[in-house]
Amino acid sequence: MEETRETIVEEREEVMVSLFGDGKSYLRTAHFLSPSFSSIDEPVPKLSPLFSSFLHPTFWLGHRPLKVSLSGWSHPNDKWISWVENLRPKYQHLWKKAGIFDAITSSTFPFRRHSDLIIGLAEKWSPETNSFIFPWAETTISLEDVMILGGYSVLGSPVFCSVETQELKEIEDELNRERKRIQKGISRNANIWKWEKRFMGSGSNIEHEAFLSFWLSRFVFKCPIIRKHVLPIAVHLARGMCMALAPAVLASIYNDLSLLKETIVSTKLEACEAFILSSPLVLVQLWAWERFPELQPKPNVLNYGDPRSARWKEVNGVRVENVRMVLDAAGETFQWRPYATVLNHWQFPKFYKEKEELVSVDLRLDDELFSFALCLRPSELVGVGCIQQYLPHRVAMQFGMDQDIPCHVARYNETPESAWDYYLRPIYDEKLYVPSRFFESDVTIRYLKWWRNQTIVRRKRSSRKKRKRITWASDGRKEDNDASVPLGFPPKFIRVKTEDFVEQENTTHETSNATPLMCGVDKSKGLSMSDNGDSATMNGIGQRKWRQTPSVSEGRKEDNDASVPPGFLPKIIKVKTKDFDEEEELEMRSCNKHDTSNETNENEVVYHEYNKEKTSSYIEESNFVSLHMMVSKLETRIARLEGKVEQIKAARKGQEVQKQS
């Protein structure tokens with residue numbers, strides 16, 4: 001690998017404009033993440049061809065349904081919680097030293113799955129850039145998110161490292177002998193539940209290493225058996241040695257999101273092979289709850305010492321009409337830096353400064369600031385069995401930086417060793433720029449033009465004769481039409497009901513014969529997600545209580561909503577506004593018209609088409625829904641302003657306290 005003396009942050013004067021402001025531009029000194037377009041002489045890049053607008057029409061219609069199994073959504077049982085509590089007093093100082101204390105604590109929290117949110121985000125995923133591409137901007141789950149929400153470290157040794165000393169080798173060999181002994185059973189594998197039964201409370205001299213092996217297998221790498229590769233990691237962690245688990249976890253998340261997106265857009269879903277989504281996608285859900293106010297349930301109040309993820313334990317998701325539409329319209333309310341806001345009993349990381357700073361980069365650089373530097377630069381993420389590219393310069397606003405057109409970054413993924421060398425390459429910046437946590441980022445004029453040109457969906461004109469306009473379409477001017485709907489179809493209004501959304505979960509699914517669930521394709525079924533023995537009812541994306549109101553003028557074809565193919569109406573379903581229970585689930589399932597004779601999973605996502613017969617009854621609600629949208633936007637903006645005022649007051653109060661002291 002050729003060594004290039006790159007910088008992490010570029011500082012230069014640029015004409016900047018707010019991404020969602022009034023369009024006024026101004027010249028100022030801006031800070032960009034490298035490499036940006038003005039710093040490299042190359043053609044202007046294009047967005048991924050797997051942008052969500054190119055989803056295959058059959059996926060939207062439900063004619064080629066897809067079933068997805070989630071084996072990576074682990075729910076803690078009482079035995080695990082008890083094991084953690086028993087070992088915490090003795091070993092928590094080692095867990096903190098190894099950077100896994102928050103991650104182990106988080107593994108005792110039950111997080112309720114919101115499956116349609118996961119699928120809705122996967123539809124926006126770009127495997128080429130490892131980012132979510134929305135109509136309004138590009139975002140992603142980053143190393144910073146995995147570090148703060150997951151409690152994993154970005155520093156330390158790689159997950160493929162081996163033990164070196166003879167003492168550690170003997171401990172690893174003893175663990176491996178126990179693993180092989182358990183393998184001799186009927187299941188012929190080192191089942192995690194048998195492993196837990198063998199070591200929990202045993203007082204064995206290797207109980208701590210066995211505990212960490214169980215935690216790594218079940219909650220980090222999401223595997224139902226104890227594999228050999230986790231043993232050296234557990235041995236290192238048991239001695240307080242830091243391991244870089246954050247890049248490995250993020251690599252697995254990127255890998256599964258790409259697999260799910262590529263399956264969704266496949267034109268040959270019947271030929272799709274079974275697959276497992278075994279990454280901790282719970283972090284994707286927590287990422288979305290932190291950043292999308294419209295999808296955010298009421299969080300818990302943190303206690304002193306709680307990890308950030310404790311805000312969302314046992315919290316019910318918000319019931320919304322259509323996740324796709326909420327995501328597409330969330331630009332103005334999206335929280336680019338949710339961890340920069342004041343939160344009781346949560347301590348800011350050191351890289352969230354009151355004022356911007358230039359920090360000297362030398363051997364004395366603080367671990368937290370060094371971690372922040374690794375979050376800011378492109379790299380290769382080395383996981384277990386996969387290597388994924390990390391491109392934070394595409395989402396610089398998530399780190400308090402300004403955004404310019406992102407440039408292409410070469411790959412260094414020939415081997416895990418070369419990828420790891422690139423991840424930990426030297427930092428050549430003499431000083432690291434750390435932005436103020438109050439700073440609001442902007443974009444360059446050329447980025448704004450580039451983004452708008454890239455996200456316009458251009459469709460070829462049909463050679464067939466133009467259809468006669470339907471009678472209930474209004475005669476509005478084409479320029480004023482809602483560009484988010486097809487020709488002659490009703491506009492979609494987003495109504496969010498802030499009521500708890502619960503998916504049925506069974507947290508007592510652990511058995512001694514746990515096996516990974518496979519994903520198969522059944523043409524007669526919808527899109528469903530399930531865990532090992534854990535069931536969750538999910539009423540497809542777009543199947544919510546609030547009805548879409550069909551009062552529309554003819555829209556421009558090239559500005560059609562990517563979530564509905566041309567010539568088709570949006571899909572809806574009415575559901576009750578209370579939490580799901582078994583009786584309600586059976587009632588809803590009895591109304592489904594699809595064939596259930598070959599069902600292997602009781603919980604499925606079914607896509608139903610729009611009911612044309614009831615179209616006329618919906619028109620009367622158009623004015624009310626429009627007014628509701630205006631009020632909702634005003635309330636959101638007022639809430640944001642109030643939040644800013646509180647931040648400023650808190651900052652001033654802190655400064656006064658410092659002056660008095």
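The model is a predicted one, so to speak for local features a pLDDT of at least 70 is needed, side-chain atom pairs count only at pLDDT 80 or more, and totals for chains, interfaces and linings use all residues. Residues are numbered from 1 along each chain as its sequence is written, and side-chain values use heavy atoms, with hydrogens and water left out.

Back to L295: this leucine sits in the loop between α11 (282-291) and β7 (317-320). Helices (H or I, at least four residues) and strands (E, at least two) are DSSP runs, numbered from the N terminus. L295 touches L117, W289, V318, V320, V326 and L327, leaving aside residues up to four places away in sequence; a contact here means heavy atoms within 4.5 Å. L117 is 178 residues away from L295 in sequence, yet the C-alpha to C-alpha distance is 8.7 Å.

On the aromatic side, searching the whole structure turns up 35 aromatic pairs. The pair F334 and W336 is edge-to-face, because the ring centres are 4.9 Å apart and the planes stand at 80°. For the cut-offs, rings of Phe, Tyr and Trp (its six-membered ring) pair if their centres lie within 6.5 Å, and planes under 30 degrees apart count as stacked, over 60 as edge-to-face and the rest as tilted. F334 is buried at a relative accessible area of 2%, and W336 is buried too, at 13%. F348 and Y352 make a tilted pair, because their centres are 6.4 Å apart and their planes are at 40°. Here F348 is partly exposed at 23% relative accessibility, whereas Y352 is buried at 6%. F334 and W336 also belong to one aromatic cluster, along with F20, W125, F132, F134, W136, Y254, W287 and F292.

Two charges sit over rings, K96 over the face of F101 at 5.0 Å from the ring centre and R308 over the face of W346 at 4.6 Å. The test is NZ of Lys or CZ of Arg within 6 Å of the ring centre and within 35 degrees of the ring normal.

Finally, there is an open sheet of 3 strands, ordered β2-β1-β12 with antiparallel pairing. Its edge strands, β2 (25-33) and β12 (443-444), each pair on one side only. β1 (residues 9-17) pairs with β12 over 2 bridges, and two strands pair if DSSP finds at least two bridges between them. V17 stands opposite V443 in β12.

Note on methods:
Buried means under 20% relative accessible area, exposed over 50%, partly exposed in between (1.4 Å probe, protein chains only).
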